[in-house]
Amino acid sequence: MNEAAPAMLPLAISGLVALSLALAILATVWPRQAHRIGGYGAVVVTASVLTLSALFLAAGPEPESAATRVALGGWEAPLGLMLHLDGLSMTLLVLTAVVGLATSLYSLGYVHDPIERRQFWPLWLWLWAGLNMLLLSGDAFNLYITLEVVSLSAVALVAFTGTAAAVSGAMRYLLVNILGSLSFLMGVVLLFGEHGVLDLVLLEARTEIGPTERMAAVLMTAGLMVKAALFPLHVWLAPAHGSAPAPVSAVLSGLVVTGSFYLILRLWMGPFAPLATPAFGILVGLLGVAALVWGSAQALRAGRLKSIVAYSTVAQFGYLLIAFPLMLVDPEAWKVVVFFAVVHALAKASVFLAAGTLQHAAGHDRVAEMGAILRARGRTVFALGLAGVSLMGLPFTGGFIAKYLLLEAGLGTILAGSLIGVLWVVAIAGGGLLAAGYVLRMVAPAFHHGPRDAGEAVSPWMDWVPLGLAVVAAAAGFAGTLTLHTLTLTPGAP
Amino acid sequence: MNDGGWLLLAILMSSLGPGLAIFFLPERRYGLRTLLNLGGSGTKLLLIGWLLLGVLRGDEYHFSVPLLPGIDFVLAADALSLLFATLSAVLWFVTTVYAIGYLEGSPRRSRFFGFFSLCISATVGIALSGNLITLLIFYELLTLATWPLVVHRGTPAALRAGRLYLAYTLTSGLVLFTAIVWLTLLAGAESFVPGGYLGDLATTHETALKVLFVMLMIGFGVKAALVPLHSWLPIAMVAPAPVSALLHAVAVVKAGAFGIVRVVNDVYGAEVAMELGLAAGLVVVAAITILYGSIQALRTDDLKQRLAFSTVSQVSYIVLGVALAGPLGVIGGLVHLVHQGITKITLFFCAGNFAETLGIHKISELDGVGRRMPLTMLAFTLGALGMIGLPPLAGFVTKWHLGLGALEAQFHWVLAVLVASGLLNAAYFLPPVIRGWLGERRTPWHEHLVEHSGPTRFETHWMLLFPTLFVAALSLLGGLLAGMSLSPLDWVTLIVERDYSIPGFAP
Amino acid sequence: MEWLAQQLAPGLIYPTAGAILFALGLYGLIRRHHLVLRILALNIMGSGVFMVLLGIAARGEGPPDPVAQALTLTGIVVAVSATAFALALVVRLTRITGQAVMLPGPPDDHAPVDDISREEHAPSAEYDREHRE
């Protein structure tokens, strides 16, 4: 379509990586101005990601040739490092930019102590840069490095408040993350030993099913499942996400776990695709159902607002596992999974930000004692409710469209003659009810009769950003066609 | 397809826009809020009037945006949608005036009117939906928008009722959701067509269609309060009177009934529904609901509870008429959509006036109220007689056509149900009327309203009285002028003529 | 004799030893509670991975694969930084709780919440101020 777009894409990709790294480095060496660098930088990064996505769509390539690959320093694979952009990474880059921008603006109000600013912004910018690089890497070892960048900055942010709970949560998070990374690295090493290449595209072309590939698949998947908090490797999530500062929780639940899940998806659609068997799919699906039930049950009895939200992440990620057997019946369903992950991330981030505002106002986040604050802070409760509706999968939200697609895929397996499909459909539909239960626990006290107390004053950023992000999560309901189209531009995917 | 699609969008926005604005309005901005409320509902009335004329001329109105590949969000206006949309818009306007009076001085009105407007937007959205997906979207939105209204008082009882309401409606919503996705997989995301679009599948996917029909009926049946899915309705009576009025007359139960009408008429089509034996099953469920609701209504002394059970019973007339699946039955059912709406809202307004003015909640306290509040009592009498189906009131027109429809469809036993239900109606509606006019009050009235906001010029606050009298007059005229053009009966006949392609058909 | 030499060839013995180290490290990570021991266990796992990598690099004829060596070096750098960071966290945790073990489970419902967005919070900021001055 557009003549200039394909030529400019490689430049734009390297530019984005350079820009996000430059911001992180700049904030590190110049901490006094870190919040300004971060605030303005967030806007610039978001603008460049949106420009990049416009270029990507304007280039209008055929699905087979849609991936843009950039060899860093002119060194081609297998020796050099490749950056790799396709529909899948583009979609998640946009998600990261939107959540990242919201988190940055929110943090302008949330982190106000001058010394804490100097610590917070460099860490957050490193995390963001790590995520961008993770999504753009096409090389297994480089993925390991970016995973480490993301984990280490995320752990530091979890420990940020310095309380016993936070440091202990961060410690657990760190151990689990290093374990996951090492397991992933071991898999990478095995693949490298077998095929002598690290580039994912080259690996995919060379993979045949052998014991080494199986071993590598187990190690890498297990490592990433630990990082993505996929059931039953999720125990670290609630302590870490629950005790981190609100913007950090939003990023962890919205983006970091999604990033790990992205890698799992990428690997199983690429090099490991031949290893997926129906029995394996059913096993993963059953884990998903267990995650959904267990996570929701914990969220229904947790006493603290942020714990509820954190457990809801475990539950919602159950859908991603349930989608696995659906993908075996209908390979196209992977797009549904990505769309679900995107709308979940938007909604979850906005719920966490709203929870942060309420916690700030109340000075605690014990649900039982929050009534007065909830009654007085209608705007934040509205954001919480709107994003909650998306989590429940009710209209007019992105969650509804995602739930529609999931149900469609689930019913498709029944129509294809799979009896266990009934279980998937019941789980997908019933999960919405469980979500309604825990969302209601957070929102309903606002409707009780009782005193009102707005609590501590809240900066305008903290007041409005959760609402804005919730509106975006709802508006994602109209982005279904565009997202699915972007995702079809992923070569190698079904 | 013409630019008329924007008219549909404007109709939706006329309540959605003010609704969202009201949310963010400070509590004390009484004037602006009232302006937004009345402006929105007035605009909607005008726009719907315009649309009504267009549809009468035979213009097509259509608006669609793609939601997903192959699945569109479709707004369309046919004669049936206009029936429901007009009813909603008229009653919304009246109820808004009533609610402003009713809630005067009470807290959190911004929130209340915000959700109130969302609720009506969802209802009109249901009316104007062009396919099942769009209908589902607005249907679920209605669930979400009514919950805050049900729990508005914030008392433990209200919250319990709200939880029960959500449990029922969300679960049924999920059943409906699953059914619609399944149906879309089988038949595609078709628009509503008179006569249905499943004809080709009736032979190949018979079992699937039967299961789907049951799922769809469960989905819509909860809101339409079909027995045994009705228990939420009497408990949801804790809501403020205007909310109960709106829930019962227009929004929630009617949305359920309207969904059933759409499924039977425009998705399955009367023919397929008959062939698969689905219509007969629905007739039985509707008949049971009619009798059960009436019997339960007899057993309660609480006025609003009695009205609630009466709703359970009366809404099933609509379902019954549609399930009879012949032109006369459908006329009876559809016209009752309107008649039950205006009659029931009259009764609820009256109950609200009694409660608000004199603190009366029970039928046994009604003795002699006719002397203290004659106009309200008159309205109540009109409503009650209309519900019983006394000629020439609105309810009679319904029952007449339903009876003819039953004969036409060879369901003779339905006549017996209609007669029994008429007697039961009389048995539970006449006692309050008799007490009100003929009973004697020994102790002085507890002047609830006067104590709180000073003396009133009329028997109660004018914003409570006038809407009541207005809807009472409507329910009288609906029956008296049933033969006039543009009366509900005339419009319904037009729908049936168009749907059943019987030009010049007259019952 | 020849057989043994073949088995002891770096191409096989290093990967095997690496795998054993990896497994031992994992065992230690799970069984030990003292955080320093756990960090050591992770380092042993890491060494296992690197050993496998180097073994693979030395496999076959000719000089070892330089890419693998470069990767190992990078990996070691990452591991060292992660270890340093982990040890710093242990020090902080020990200073707060008096023990180098993690608190069990998620924070309980009545634990005080520290909110960096509020004025009165700040153990970490105060701590940093003290140590900077």
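Visitor: How many residues does the contact take from chain B and how many from chain A?

Guide: Please keep in mind that this is a predicted model, and that the contact takes 36 residues from chain B and 36 residues from chain A. On the side of chain B that touches chain A, strand E1 (61–68), strand E2 (71–77), helix H4 (109–128), helix H5 (132–150) and helix H6 (156–187) of chain B each supply at least two residues, and H6(B) gives the most, with 12 residues.

Visitor: What makes up the area that chain B and chain A bury between them?

Guide: The size of an interface is often given as the accessible area lost when the parts come together. For chain B and chain A that area is about 3,300 Å², with 82% of it on carbon and sulfur atoms. Within chain B, the residues that lose the most area to chain A are Leu68(B), Arg108(B) and Phe177(B), which together account for 18% of what that side buries. By class, the side of chain B that touches chain A has 27 nonpolar, five polar and four charged residues.

Visitor: How many salt bridges does the rule find across the interface of chain B and chain A?

Guide: A salt bridge needs a side-chain nitrogen of Lys or Arg within 4 Å of a carboxyl oxygen of Asp or Glu, and across the interface of chain B and chain A the rule finds zero of them. Polar contacts are counted separately, and between chain B and chain A there are three residue pairs of that kind, both residues at pLDDT 80 or more.

Visitor: Which chains have the most contacts between them, and what is known of chain B and chain C?

Guide: Among the two pairs of chains that touch, the most contacts are between chains A and C. Contact means heavy atoms within 4.5 Å, and no contact joins chain B and chain C, whose closest C-alpha atoms lie 24 Å apart.

Visitor: How much area is buried between chain C and chain A?

Guide: About 5,000 Å² is buried between chain C and chain A, and carbon and sulfur atoms give 71% of that area. Helix H2 (10–31), helix H3 (35–58), helix H4 (66–97) and helix H5 (123–132) of chain C give two or more residues each to the side that touches chain A, and the largest share, 15 residues, comes from H4(C). That side of chain C divides into 34 nonpolar, 11 polar and 14 charged residues, while the count of salt bridges between chain C and chain A is zero.

Visitor: Why is the pair of Asp463(A) and Arg379(A) called a salt bridge, and what does the pair tie together?

Guide: The closest N and O atoms of Asp463(A) and Arg379(A) are 2.6 Å apart, and the cut-off is 4 Å, so the pair meets the rule. Over all chains, a search of the whole structure finds 11 salt bridges.

Visitor: What makes a space a cavity, and which residues line the largest cavity?

Guide: A cavity is a set of points where a 1.4 Å probe fits but cannot get out, and by this rule there are 10 cavities of 30 Å³ or more. About 110 Å³ of space lies in the largest cavity, whose lining includes Tyr144(A), Glu148(A), Ile39(C) and Ala86(C). By class, this lining has eight nonpolar, three polar and one charged residues.

Visitor: What volume has the second largest pocket, and which residues are closest to its centre?

Guide: The second largest pocket has a volume of about 640 Å³, and of the 26 residues that line this pocket, the closest to its centre are Thr86(B), Val90(B), Leu474(B), Leu486(B) and Pro488(B). H3(B) gives the most to the lining, with nine residues. The lining residues divide into 21 nonpolar, five polar and no charged.

Visitor: Which peptide bond from Pro395(A) is cis, and where does Phe396(A) lie?

Guide: Most residues other than glycine have a negative phi, and most peptide bonds are trans. The bond from Pro395(A) to Phe396(A) is cis, with omega near -10°, and Phe396(A) lies in the loop between H15 and helix H16 (398–415) of chain A. Ala229(A), a residue other than glycine, has a positive phi near 55°.

Technical notes: Residues are numbered from 1 along each chain as its sequence is written. Chains are lettered from A and ligands numbered from 1 in the order in which they are written. This is a predicted model: local features need pLDDT of at least 70, side-chain atom pairs count only at pLDDT 80 or more; totals for chains, interfaces and linings use all residues. Side-chain values use heavy atoms; hydrogens and water are left out. On a 1 Å grid over the protein atoms alone, a cavity is a set of points where a 1.4 Å probe fits but cannot get out, and a pocket is an open set with protein on both sides within 12 Å along at least five of seven lines; lining residues have an atom within 4 Å of a point. Grid points are joined across faces, edges and corners, and a volume is the space filled by probe spheres set on the points. Helices (H or I, at least four residues) and strands (E, at least two) are DSSP runs, numbered from the N terminus. Ala, Val, Leu, Ile, Met, Phe, Trp, Tyr, Cys and Pro count as nonpolar, Asp, Glu, Lys and Arg as charged, and the others, Gly among them, as polar. Buried area is the accessible area (1.4 Å probe) that two parts lose on being put together, summed over both. A polar contact is a pair of N or O atoms within 3.5 Å; within protein, one must be able to donate a hydrogen and the other to accept it, and residues adjacent in sequence count only if both atoms are side-chain atoms.
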